[in-house]
Each structure stands twice: as C-alpha cells, then as structure tokens.
Amino acid sequence: MMKKVVYVILWIFLGLILSFIFHAAIEIFYLRWAEKNSVAISWVLNGACALPLWLIILLPILGIIFGLCLGLIAWQKIYVEKVRRR
C-alpha cells in the first residue's frame, strides 16, 4: 500500500511540474503575441505574471488532477494487470 501511495504522489508531482512548464510556454507565447500586436499587458501578482489570475490558479490544479489520474492508471496497468512491453 505504501508503494502505491509513493508512486501516485510522484506522478502528481510530475503533473505539477509539467503544469509549470506549460504555464511558462503559454506566457511566452502570449507575451510575444502581445508585443507583435501592440497589446497592453496587465500584470498580476505584483508584476510576476502576465496571465489572468484564474489561469494561474487553474493550471496547477489541472496538473495535479492529471498527475493523479495518470498515476492511478499507470499503477493499474503496471502493478495490477502486469502489462509489460517486450
């Protein structure tokens, strides 16, 4: 049981890290687009981010949910069903 908990927590951590990378990619794309089109940027969090606050909050939550789902699916496939590629 402890092995499953650690396994799923590591998947959740991976999902969270990927959500931060996705956040950075979205923000870079948005800033480049805004600069090309002369769009005024409204900075949030004391100038730390250009994305809307709802998106700043939503991305890590989705990363955690995504990691949890993938962790549970991977556990089922690898340790319960013993699916292995040869």
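A: Leu45 is found in the loop that joins H1 and H2. Helices (H or I, at least four residues) and strands (E, at least two) are DSSP runs, numbered from the N terminus. The model is predicted, and local features need pLDDT of at least 70, side-chain atom pairs count only at pLDDT 80 or more, while totals for chains, interfaces and linings use all residues. Residues are numbered from 1 along each chain as its sequence is written, and side-chain values use heavy atoms, with hydrogens and water left out.

Although Leu45 is not a glycine, its phi is positive, at about 55°. Lys82, likewise not a glycine, has a positive phi of about 55°; its place is in the segment after H2. Lys82 counts as exposed because its relative accessibility is 55%. Here buried means under 20% relative accessible area, exposed over 50%, and partly exposed in between, with a 1.4 Å probe and protein chains only.

Along the principal axes, the C-alpha atoms fill a box of roughly 55 × 30 × 15 Å. Of the 86 residues, 22% are buried.

Two packed helices are described by the angle between their axes and the distance between the axes. The axes of H1 (residues 2-36) and H2 (residues 53-80) come within 7 Å and cross at roughly 140°. Axes are lines fitted to C-alpha atoms, for helices over the stretch in contact, and angles run from 0 to 180 degrees between N-to-C directions. H1 and H2 are therefore oblique to each other: angles under 35 degrees count as roughly parallel, over 145 as roughly antiparallel, 65 to 115 as roughly perpendicular and the rest as oblique. The residues of the contact between H1 and H2 comprise 20 nonpolar, 6 polar and 2 charged. Nonpolar covers Ala, Val, Leu, Ile, Met, Phe, Trp, Tyr, Cys and Pro; charged covers Asp, Glu, Lys and Arg; the others, Gly among them, are polar.

Some individual residues complete the picture. Lys3 is found in H1 and counts as exposed because its relative accessibility is 52%. Lys3 and Trp75 are 72 residues apart along the chain, yet their C-alpha atoms are separated by 10.0 Å. Trp75 also belongs to one aromatic cluster with Tyr7, Trp11 and Tyr79. Rings of Phe, Tyr and Trp (its six-membered ring) pair if their centres lie within 6.5 Å; planes under 30 degrees apart count as stacked, over 60 as edge-to-face and the rest as tilted. By this rule there are 5 aromatic pairs.
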